[in-house]
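Here is a quick tour of one protein model, written for someone who likes to know the cut-offs behind each label. Have the viewer open and follow along.

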Amino acid sequence: MRLELGDGVNLHAIDGKAWSAPGVFDTKSPITLEDGTHQLVLELKTELGRNRDDSVIESSDSFVLLFQAEDQSLVLSAPNIGTRNELEDFNDYPEWRLRDGQGNDVSFKIDVLEKTGFQLVRDYEDEIANFNRTGDSEAALMPSPDVRKSPLPSRESMSAGEVSENQEVVRQMLRYWYLKADENTKSEMKRWINASE
């Protein structure tokens, strides 16, 4: 499957991984993806102003777009936007278009990737991981059913070596998530651990 980006479409992540064009001149080259379901994080960059002398480059909100395609060439585009009002309207009612090689619309699900506060630089991988983890949006990329339904091995079925090895992984994971948590969540985790002992 090939995906071509229209004018002004700025892609930040594909399937949870940060994306950047291989080179300065490759930003318009089609992107090759495997057949199946894909999630994009993108925004629209546009030049606002009456002429080149007083124009500024502005960006839309960041959006999450989820679609499925097989053996197709797709084009992702947005309307031409020239004023701040048009950009605000686009943020409220995004008009992304995903079409196949014959010009037929390809269905997709979309949502805004909300940001908190003022950010000069965004960590799209972290943001999309949080977005997907909540699962509150139709545009969230859910883990495959095989991953969700795979049973965890019981302690009795593991050897002593496997238990100690798994506990090391558990410790690393707990430490990782504890350090990622805000103060309220850390307090909640501590209360839960103390109550479980």
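What follows covers aromatic contacts, a sheet, salt bridges and a surface patch.

First, the ground rules: this is a predicted model, where local features need pLDDT of at least 70, side-chain atom pairs count only at pLDDT 80 or more, and totals for chains, interfaces and linings use all residues. Residues are numbered from 1 along each chain as its sequence is written, and side-chain values use heavy atoms, with hydrogens and water left out.

Searching the whole structure turns up three aromatic pairs. One of them joins Phe63 and Trp96: the ring centres sit 6.0 Å apart with the planes at 75 degrees, so this pair is edge-to-face. Phe63 belongs to strand E7 (residues 63-69), while Trp96 is in the loop between helix H1 (84-92) and strand E9 (97-100), so the contact ties together parts that are 33 residues apart in sequence. Trp96 also forms an edge-to-face pair with Phe90, at 5.2 Å centre to centre and 70 degrees between the planes.

Rings of Phe, Tyr and Trp (its six-membered ring) pair if their centres lie within 6.5 Å; planes under 30 degrees apart count as stacked, over 60 as edge-to-face and the rest as tilted. Buried means under 20% relative accessible area, exposed over 50%, and partly exposed in between (1.4 Å probe, protein chains only). Helices (H or I, at least four residues) and strands (E, at least two) are DSSP runs, numbered from the N terminus.

**The sheet**

Four strands form an open sheet with mixed pairing, in the order E4-E1-E8-E9. Strand E4 (31-32) and E9 are the edge strands, each pairing on one side only. Inside the sheet order, strand E1 (residues 2-5) runs parallel to strand E8 (residues 73-77), and the two pair over four bridges; strands count as paired if DSSP finds at least two bridges between them. Which residue in E8 is the bridge partner of Leu5? That would be Leu76.

**Salt bridges**

Side chains of opposite charge can pair when their charged atoms come close. With a salt bridge defined as a side-chain nitrogen of Lys or Arg within 4 Å of a carboxyl oxygen of Asp or Glu, the count comes to five. The table lists some of them.

| Salt bridge | N to O distance |
|---|---|
| Glu43 and Lys45 | 3.6 Å |
| Arg97 and Asp105 | 3.0 Å |
| Arg99 and Asp105 | 3.2 Å |

Glu43 is buried at 7% relative accessible area, whereas its partner Lys45 is partly exposed at 37%. Arg97, Arg99 and Asp105 are linked in a network of salt bridges.

**A nonpolar patch**

Val169, Met173, Tyr176 and Trp177 make a nonpolar surface patch of about 390 Å². Patches are made of residues with over 30% relative accessible area and no salt bridge: like charges are joined within 9 Å, nonpolar side chains (Val, Leu, Ile, Met, Phe, Trp, Tyr) within 5 Å. The areas come from the Shrake-Rupley method with a 1.4 Å probe, and for residues only the protein chains shown count as cover. Trp177 lies in helix H4 (residues 160-180) and is partly exposed, with a relative accessible area of 37%.
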